[in-house]
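Please brief me on this model. Cover the strand pairing first, then the pocket.

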Amino acid sequence: MSGCTSTTLQLQIHPPVGSNQRLRSRIGNRRSRCRIPLYKVNSPRCTIGAEEETKRAATTTTVVKNGEDSLEICRVLNGMWQTSGGWGPIDRDNAVDAMLTYADSGLTTFDMADHYGPAEDLYGIFINRVRRERPPELLEQVRGLTKWVPPPVKMTSEYVRDNINRSRRRMDVASLDMLQFHWWDYSNPGYLDALKHITDLKEEGKIKTVALTNFDTERLHIILENGIPVVSNQVQHSIVDMRPQQRMAELCQLTGVQLITYGTVMGGLLSEKFLDTNINIPFAGPPLNTPSLQKYKRMVDAWGGWRLFQTLLKTLKEVASKHMVSIPTVAVRYILDQPGVAGSMVGVRLGLSEHIKDTSAIFSLKLDEEDFNSINEVSKSGRDLMNIIGDCGDEYRR
């Protein structure tokens with residue numbers, strides 16, 4: 001590395017995650033919002049040369065790890081929430097054909113959940129076709145990441161095991177590449193019991209890596225203190241929603257936990273389709289006819305409203321035109337370049353539409369300082385969603 005300068009950061013020191021030591025720092029209560037900084041540490045902030053920076057931007061994969069647990073994933077993940085029913089009917093054969101097309105194009109990581117309709121079953125059919133119809137090299141690259149979102153019941157070993165085995169059967173794999181765990185109610189500490197049982201299953205070889213989804217900084221800290229080998233936390237993160245770059249990114253940089261982001265193109269709102277439109281007038285703009293569009297329109301309203309969002313879209317269009325790419329390509333690249341981000345989700349409407357060309361362009365796109373400054377200026381013009389919604393995942397617990 002070249003061009004290293006030292007900067008003073010307010011950080012808290014942790015022992016390496018994955019060791020037998022526990023994180024020993026104190027955690028504030030809920031109201032204190034987990035104020036992590038305790039110590040001043042001289043940490044080098046390095047500037048790499050243009051050639052190396054370009055090479056890093058073009059990297060298509062990364063490794064999430066904790067101790068001896070690691071998993072290589074594509075930095076742009078195929079999100080399968082769209083198979084859950086709110087985007088129209090899914091034809092099984094067409095969907096699996098589409099998954100093969102994505103994998104053949106190098107987009108080999110698929111993200112799903114136990115409650116995303118037939119998502120896990122589709123993956124099981126898909127992975128068997130990869131085994132039969134594709135070379136072993138592609139099979140080695142394909143990853144299936146799933147989530148478990150249980151009700152807040154007593155987390156016994158048997159209950160956890162039964163649910164994880166169900167996902168293994170549906171996905172037709174001996175070992176889940178990644179199990180991402182969600183918990184609805186922090187007042188119920190059963191999430192720690194569940195994660196300890198999940199870790200036991202990992203030790204048995206039924207899960208390769210343990211991860212979280214929609215956990216806040218305070219609870220991630222507690223989980224790490226309890227020795228759970230978390231490799232990543234999947235959270236909502238976009239140019240509009242920069243909450244993960246506050247407390248969460250700081251803890252991630254300290255511990256090595258990485259972020260996988262969703263909502264990065266806001267269900268399609270961050271696209272040319274919604275540029276120069278006024279959806280506040282009935283029938284004047286594209287309909288908000290999917291669960292994701294409706295969800296992220298609420299985020300736009302909380303952030304600053306449709307007029308400010310149009311300013312953002314115009315800024316992104318200028319950047320996109322400069323680089324001869326699309327608005328969604330710029331939106332994802334911007335988040336991939338944020339600290340702590342391992343990968344970003346792009347939803348796929350399997351068998352209905354595809355955006356492989358735009359998605360593949362993300363890897364070669366390199367935003368320059370002017371691009372970042374113009375996007376940052378608009379992003380920071382909106383309200384701080386941390387003050388309105390709370391930390392990562394708090395939107396699900398209000």
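Thr213 has Gln234 in strand E10 (residues 230-236) as its bridge partner. Three bridges join E9 to E10, and the two run parallel; strands pair if DSSP finds at least two bridges between them. This is a predicted model: local features need pLDDT of at least 70, side-chain atom pairs count only at pLDDT 80 or more, and totals for chains, interfaces and linings use all residues. Residues are numbered from 1 along each chain as its sequence is written, and side-chain values use heavy atoms, with hydrogens and water left out.

- Strands (E, at least two residues) and helices (H or I, at least four) are DSSP runs, numbered from the N terminus.
- E9 spans residues 210-213 and is covered on both faces.
- Val210 and Leu212 on one side, and Ala211 and Thr213 on the other, are all buried (under 20% relative accessible area, 1.4 Å probe, protein chains only).
- Strand E8 (residues 178-181) also runs parallel to E9, joined by three bridges.
- Phe181 pairs with Leu212 in E9.

**Crossovers**
- E8, helix H6 (residues 190-203) and E9 form a right-handed β-α-β unit.
- E9, helix H7 (residues 217-225) and E10 form a right-handed β-α-β unit.
- Right-handed means that, with the strands pointing away from the viewer, the path from the first strand over the helix to the second runs clockwise.

**Lining of the second largest pocket**
- H9 supplies the largest share of this lining, four residues.
- Helix H11 (327-336), strand E12 (341-347) and helix H12 (356-364) are among the elements that each supply at least two residues.

Note on methods: Buried means under 20% relative accessible area, exposed over 50%, partly exposed in between (1.4 Å probe, protein chains only).
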